[in-house]
Amino acid sequence: MIRLRLMKLANQGYELILAEALFKLGARPPVVRSACTIGSKTAIRLYKTIHRRSPKQGMLPYDPYWIVRSSVHDLHASIFLGLIHDLSQQQNQTDRNAERFITAYELYCRIVANNPQPSKLETSVPQAILLDINRAWQLAGQLMSGEMSLVICGKCQARYVVLSKMPKPFQQCPICDVWADSTGRRRWMTVKPRKNTKNQDH
Ligand SMILES: [Zn+2]
């Protein structure tokens, strides 16, 4: 009986350690609660202890099409989801989802911060971390549910993420199927340069 109680306490302690790690990486309480088995009040209390303020209220931002909005978004999602996929393929099946998620997200942050030639979009955010942890949680869910999948580019062999139900022409490689406009912004091949706009008349 005592042993059972101790095990329960140890488990609760472990959940709190995971929750703390997630909060420190910027996760909001709803994400932490879906990743760890902690109650709502505990989550808020922990958040306040770490950040010394109350968490933001309201729904989490959710954009199912985030990865196709920019090839740079797709590159970042591909790095992160590739790590999630690879870690889930490893031997240790007892690994918790939350642990895998934290490991993949920390690795992702380290990888993108070391980009020697960041794009405009990447230089606009601290340490080039375009993928916020709350969005990362959403993307991991989309990959697990099959809404997104990882494919290999036939040209450059890079592994990248696509929306599974999109027609093939919209599942473009974020490395090969892009062009740079006059401002240096990377655009998908399917987004053609604008012609005959009023500003170009003179
Ligand atoms: Zn490619």
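About 1,000 Å² of area is buried between domain 1 and domain 2, and carbon and sulfur atoms give 67% of that area. On the domain 1 side, Leu25, Val31 and Ala35 lose the most area to domain 2, together 45% of what that side buries. The model described here is predicted.

**Domains**

The domain assignment of the protein chain gives domain 1 as 2–51 and domain 2 as 66–188. Their centres, taken over C-alpha atoms, are separated by 27 Å. At the boundary, 13 residues of domain 1 are in contact with ten residues of domain 2.

**Nonpolar core**

The largest nonpolar core has 40 residues. Leu22, Val32, Ile67, Phe80, Phe101, Tyr108 and Leu139 are the members that touch the most other members. At least two residues of this core come from each of α1 (2–24), α2 (29–35), α3 (40–51), α4 (66–69), α5 (71–89), α6 (97–113), α8 (133–144) and β2 (159–163). Helix α6 gives the most, with eight residues. Domain 1 and domain 2 each contribute at least three residues to this core.

Phenylalanine 80 shows what surrounds one of these members. Leaving aside neighbours within four places in sequence, Phe80 is in contact with Phe101, Ala104, Tyr105, Tyr108, Leu131, Ala136 and Ala140.

**Zinc site**

The zinc ion is coordinated by the SG atoms of Cys153, Cys156, Cys173 and Cys176, at 2.3 to 2.4 Å. The angles subtended by the four donor atoms run from 105 to 115°, so the arrangement is tetrahedral. Ideal angles for four tetrahedral donors are 109.5 degrees. Along the chain, the donors follow the spacing C-x2-C-x16-C-x2-C. Cys156 lies in the loop between β1 (148–152) and β2, and Cys176 in the loop between β2 and β3 (178–180), so this pair ties together parts that are 20 residues apart in sequence.

Leucine 18 lies in helix α1. Not counting residues up to four places away in sequence, Leu18 touches Cys36, Arg96, Ala98, Glu99 and Ile102. Between leucine 18 and cysteine 176 there are 158 residues of separation in sequence and 38 Å in space, C-alpha to C-alpha.

| Residue | Relative accessibility | Class |
|---|---|---|
| Leucine 18 | 6% | buried |
| Cysteine 156 | 31% | partly exposed |
| Cysteine 176 | 25% | partly exposed |

Leucine 18 counts as buried because its 6% relative accessibility is under the 20% cut-off. Cysteine 176, at 25%, counts as partly exposed.

Notes. Residues numbered from 1 in each chain as written. Predicted model: local features only at pLDDT ≥ 70, side-chain atom pairs only at ≥ 80, totals over all residues. Heavy atoms only, no water. Core = buried A, V, L, I, M, F, W, Y, C linked by side-chain atoms within 4.5 Å. Buried < 20%, exposed > 50% of the residue type's maximum accessible area, 1.4 Å probe, protein only. Helix = DSSP H or I, 4+ residues; strand = E, 2+ residues; numbered from the N terminus. Domains from an automatic or database assignment. Contact = heavy atoms within 4.5 Å. Donors = N, O, S within 2.8 Å, 3.2 Å for Na, K, Ca; no water. Tetrahedral: all angles 85-135°; square planar, octahedral: opposite > 155°, others 65-115°. Buried area = accessible area lost by both parts, 1.4 Å probe.
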